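Subject: The structure I promised you

Hi,

My notes on what turned up follow below it.

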Amino acid sequence: FERGVGSVSGGGGFIREETGSRNSSSGYYDGNEGNGCSMCPSLTVDPEFLETFKVRTCRQCKRSAEMELIPKGKAKKMYLLTDKDIANAGLGSLSRANPQKKTWSQMKLYLKKQVMALSYEKYGDAEGLEEEKKEQFEERMLRATDRKRKHQQTTPAAIESRTTLVRTRIANQAPHEHIFGEAKCVDAEEGLWTKTCNICSVEVSFEQL
């Protein structure tokens, strides 16, 4: 531990010296007994941070990594939290103008360490969070692969191939009048639609503008 020393006006022109212990590994200062900055000997606290995040930090310490702020979108993406998670936890936030475009809605900034604590509470710890990220990534990859497979199956060539097979299979069946179900759009850009007979399952493709 290191000794922290600072000076502050005591009124009437007198200056009093403050001393206390600073934990150099965590940045936590315990010499103010709840009356000043929790990170250094300063007896002043930033009112905005105190009211919003319920943390005691002076204006200088609020610029440290310990007091880093992150936008809501990044908080949700990095720590896998939902709007409901954040709302239910009652996390405080500061509203700031969007740096990308001032006319856009203001962005909400959250205290990173509070967001992190909420995430670890939800997923157990840092390891649990990383495991959840891995699982969600794998699920997204599977969905993307499935969408690609379905798209390949609905290309004009694939549809024509399946239609030919069905027509061959029903060639010897008793003649009947096709009763088609609801048409489905398989390629909006090309205006390609399909409809299937409810009796023999023959599939017909057609263009619709």
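Before the first finding, you need one definition: a charged patch is built from residues with over 30% relative accessible area and no salt bridge, with like charges joined within 9 Å. Please also keep in mind that this is a predicted model.

With that in hand, which residues gather in a patch of negative charge on the surface? They are Asp125, Glu127, Glu131, Glu135, Glu138 and Glu139. Take Glu127 as one of them: it sits in helix H5, which covers residues 126-153. Its relative accessibility is 63%, and because the line for "exposed" is drawn at over 50%, Glu127 counts as exposed.

Helix H5 also holds Lys133. Its relative accessibility comes to 27%, so Lys133 counts as partly exposed.

Now zoom out for a moment. The chain has six helices and eight strands. If you walk along the sequence, the pattern reads β-β-α-β-α-α-β-β-α-α-α-β-β-β. There are 209 residues in the chain, and 25% of them count as buried.

Next, the inside. In soluble globular proteins, nonpolar side chains tend to be buried together. Here the largest nonpolar core has twelve residues: Ile70, Ala75, Tyr79, Leu80, Leu81, Ile86, Leu91, Tyr110, Val115, Leu118, Tyr123 and Leu129. Which elements give two or more residues to this core? Those are helix H2 (72-79) and helix H4 (112-123). Helix H4 gives the most, with three residues.

Leu80 lies in the loop between H2 and H3. With a relative accessible area of 13%, Leu80 falls under the 20% cut-off, so it counts as buried. Its backbone is worth checking too: phi is positive, about 50 degrees, although Leu80 is not a glycine.

Is Lys54 buried or exposed? At 64% relative accessibility, Lys54 counts as exposed.

On to the salt bridges. How many are there? The count comes to nine. Here are some to look up on your screen.

Start with Glu66 and Lys113, whose side chains meet at 3.4 Å, N to O. Glu66 belongs to the loop between helix H1 (47-53) and strand S3 (69-71), while Lys113 belongs to helix H4, so this pair ties together parts that are 47 residues apart in sequence. How covered are the two partners? Glu66 is partly exposed at 35% relative accessibility, and Lys113 is partly exposed at 31%.

Then go to Lys72 and Asp83, which form a salt bridge at 3.2 Å, N to O. Lys72 is in helix H2 and Asp83 is in helix H3 (residues 83-89), so to speak two distant parts of the chain linked by a pair eleven residues apart. Lys72 has a relative accessibility of 25% and counts as partly exposed. Asp83 is partly exposed as well, with a relative accessible area of 40%.

Asp83 has another partner to look for: its side chain also meets that of Lys76 in a salt bridge, at 3.0 Å, N to O. Lys76 counts as partly exposed, at 29% relative accessibility. Elsewhere, salt bridges that share partners join Asp46, Arg59 and Lys62 into one network.

That brings us to Asp46, the last stop. You will find Asp46 in the loop between strand S2 (14-22) and H1. Why does Asp46 count as buried? Because its relative accessible area is 1%, and buried means under 20%. Asp46 and Arg56 are ten residues apart along the chain, with 7.1 Å between their C-alpha atoms.

Cheers

Conventions:
Residues numbered from 1 in each chain as written. Predicted model: local features only at pLDDT ≥ 70, side-chain atom pairs only at ≥ 80, totals over all residues. Heavy atoms only, no water. Patch = residues over 30% accessible without salt bridge, like charges linked within 9 Å, V, L, I, M, F, W, Y side chains within 5 Å. Areas by Shrake-Rupley, 256 points an atom, 1.4 Å probe, with all protein chains shown as cover. Salt bridge = Lys/Arg side-chain N within 4 Å of Asp/Glu carboxyl O. Lys, Arg positive; Asp, Glu negative; His and termini not counted. Charge placed at Lys NZ, Arg CZ, Asp CG, Glu CD. Helix = DSSP H or I, 4+ residues; strand = E, 2+ residues; numbered from the N terminus. Buried < 20%, exposed > 50% of the residue type's maximum accessible area, 1.4 Å probe, protein only. Core = buried A, V, L, I, M, F, W, Y, C linked by side-chain atoms within 4.5 Å.
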